[in-house]
Amino acid sequence: MPLIKTNDAKCRDCYKCVRSCPLKAICINSGPNNIQAHHARVLEESCVQCGHCTVICPQKAKVVKNDLEDIKNLLSNKSITVVASVAPSFPVHMPLPQPLALPGLLKRLGFSQVGLTAVGAELISVEHQRINAPESEISSACPAVVNLIEQHYTHLLPNLSPLVSPVIAHGRLLKKQYPGCVVVFIGPCIAKKGEIVSDKVKGAVDYALGFKELWDWIKAEAIDLNKIENVEFDGYIPGKANLFPAKGGQLLASSLSTDIMDSGVQTVTGLQNCIDLLKNFCNLNKDQMPKFVEMLACRGGCLGGPCGITENDIYSKRQRLLDFYSRNTLKTAEKTGAGTTPSLPATDLIREFESRKVILPVPDEEQIKSILMQSGKYVPQDELNCGSCGFGSCREKAVAVFRGHAEPQMCIPYMRKRAESISNLVLNAMPNAVIIADEDLVITEINPAAVKMFDCQGKQIIGQRLDRLIDPTEFQVVLKEKRAVVADFRSLENGVITRQIIFPLENMAVGIFADITKEVTQQGELLHVKTQTIERAQEVIKKQMTVAQEIAGLLGETTAETKILLNQLIKLMED
């Protein structure tokens, strides 16, 4: 399974994920044999796994790979040591009565040891002071930022800090402390799920579990959280490294300057802001080039991670982290003493990076124009660049269409215009009269057949009250009772006879009138002919009866039987 996939049954093609993705790593096309059915699909080769699309999708159609069942199976095997590495942002992401209930809760679920990923953050902070760093260094602590540079800004690979991320450092430490153990990272990050299986650092951490997945698990177990006691995390408790999740936390933990006036350091959070800086990174003057850039893909750092549960704003989360650090972590870290700090060989804290850039085809000008024409854009003035399709401009979307990542029909203004055009053609071509009135009985639409039927050529009808044309009683009934009203015969003031049906449409009423004047006239004429026929038949029958009676009198025979037969004939003619 891909790291992030789409539940097609929930996807409603709103393009919100496309609009929110700065890298446009979302594909919307029909695919071969129309398999994709125009639903959103994540382009793994372009996706940096920030996970923002999973948060903003209004239908919750994005599904993240979940290893919870595998973890449960491991925990059920008592011969396996399963160790948890918990991200230091847990106090702001887990809605527990007390944050320090988490270690006991995880042990209740079966984990043998529960440590803090911040230990790994401290390991790389210490190692950072020893390495031969690039002249202008970009932090490699965020796996989404590493993906961004490896896939989209490969010319900046030499600027990446050669250090592993905190979770990889902690995972390697745990593997040494508990030989043969299985390490499970628990945090707010989706990119960690991809990082732990990447070739360069594979094996340090076995599974990654989001806080939301953990919370769903806790709820399914029906654990009474108020009965879980507060306990400390196992192993070493670091100090400032616990502030790594917040903006500027790495600077503080690495003993770098946090002075806002220091141009030698820079802190950037949010994927779009990271992209903006990377675009211009090489264009900066040498004296403007920062010596170290702390770069985090989520807005507000890991406090804005996509796998959290609490819905507090970033500023409230930051304050909560600082409060927890001041009241709990700092005091506990002071008790441990400096001599207990764990260590790893430098080789376990260094990594390499690789270019994973995908070269995409680029259309020429004629191909772009041809694609633009498919959505009704023939001249530059037709290019609205409204962004409703998710792309920044019509030409940008045309490039995506050329690459097979989008469809020409994704243009909402074009599709609306086309839909309105077709509906207007149908309305105008209908032989029956159509009148649409709103809840105030004001005419909103009228077709040419209705204009002719109601003798209102040359008059301004739309916007006028319905009673100017017709008795609105049936329309009122339809709007009030929300049901259709059918009348087989109605005579208008101008002599036109109609058959009509009026039905509700949202907060409007639609009346369709068929002119049956000619049909009714023909029926009247036919009835007149039939009546005259019966009258003539009755005259003939009377004469025949008179003659029959005279003959019967001469012959002495009764006329009763003849009379019965003739009366039956008259009734048959009347019917």
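Strands β12 (433-438), β14 (485-491), β15 (497-505) and β16 (508-515) are among the elements that cover the buried residues of helix α18. The model is predicted.

**Helix α18**

- Helix α18 spans residues 473-481, and its buried residues are F475, V478 and L479.
- These residues lie on the same side of α18 because they cover an arc of only 95 degrees around the axis.
- The cover over them includes β12, β14, β15 and β16.
- K482 follows α18 and has a positive phi, near 55 degrees.

**The parallel sheet**

- Four strands make up an open sheet, in the order β6-β5-β8-β9, with parallel pairing.
- β6 (113-116) and β9 (207-210) are the edge strands, and each pairs on one side only.
- From one strand to the next, the twist averages 25 degrees.
- Strands of a sheet pair through backbone hydrogen bonds, either parallel or antiparallel.
- β5 (residues 82-86) and β8 (residues 182-187) are joined by five bridges in the parallel sense.
- On the β8 side, A84 has V184 as its bridge partner.
- β5 and β6 are also paired in the parallel sense, over four bridges.
- On the β6 side, V86 has L116 as its bridge partner.

- β5 is largely enclosed by the rest of the structure, because five of its five residues are buried.
- V82, A84 and V86 point one way from β5.
- V83 and S85 point the other way, and they too are buried.
- Helix α3 (residues 68-76) lies across β5, β8 and β9.
- The direction of α3 is at about 115 degrees to β9.
- Helix α10 (residues 211-221) also packs on the sheet and touches β5, β8 and β9.
- The direction of α10 makes about 75 degrees with that of β9.

**Cavities**

- The whole structure holds four cavities of 30 Å³ or more.
- The volume of the largest cavity is about 360 Å³.
- Its lining consists of 31 residues.
- A141, K192, P245, L296 and C302 are the lining residues nearest the centre of the largest cavity.
- The elements giving two or more residues to this lining are α6 (118-128), α7 (143-152), α8 (166-177), α9 (191-195) and β11 (292-296).

**S125 in helix α6**

- S125 sits in helix α6.
- S125 counts as buried because its relative accessibility is 2%, and the cut-off for buried is under 20%.
- Beyond its neighbours within four places in sequence, S125 contacts F244, A253 and S254.
- S125 and V293 are 168 residues apart in sequence.
- In space, the C-alpha atoms of S125 and V293 are 14 Å apart.

**The largest pocket**

- The largest pocket has a volume of about 1,200 Å³.
- Its lining is made of 49 residues.
- G51, T54, V55, P306 and C307 are the lining residues nearest the centre of the largest pocket.
- At least two lining residues each come from α2 (52-56), β4 (62-64), α10, α12 (271-280) and α13 (314-336).
- α10 supplies the largest share of this lining, with five residues.

Note on methods
Residues numbered from 1 in each chain as written. Predicted model: local features only at pLDDT ≥ 70, side-chain atom pairs only at ≥ 80, totals over all residues. Heavy atoms only, no water. Pairing = 2+ DSSP bridges. Axes fitted to C-alpha atoms, helices over the stretch in contact; angles between N-to-C directions. Contact = heavy atoms within 4.5 Å. Buried < 20%, exposed > 50% of the residue type's maximum accessible area, 1.4 Å probe, protein only. Arc of directions from axis to C-beta. 1 Å grid on protein atoms, 1.4 Å probe; cavity = no way out; pocket = protein on both sides within 12 Å on 5 of 7 lines; lining within 4 Å. Points joined across faces, edges and corners; volume = space filled by probe spheres on them.
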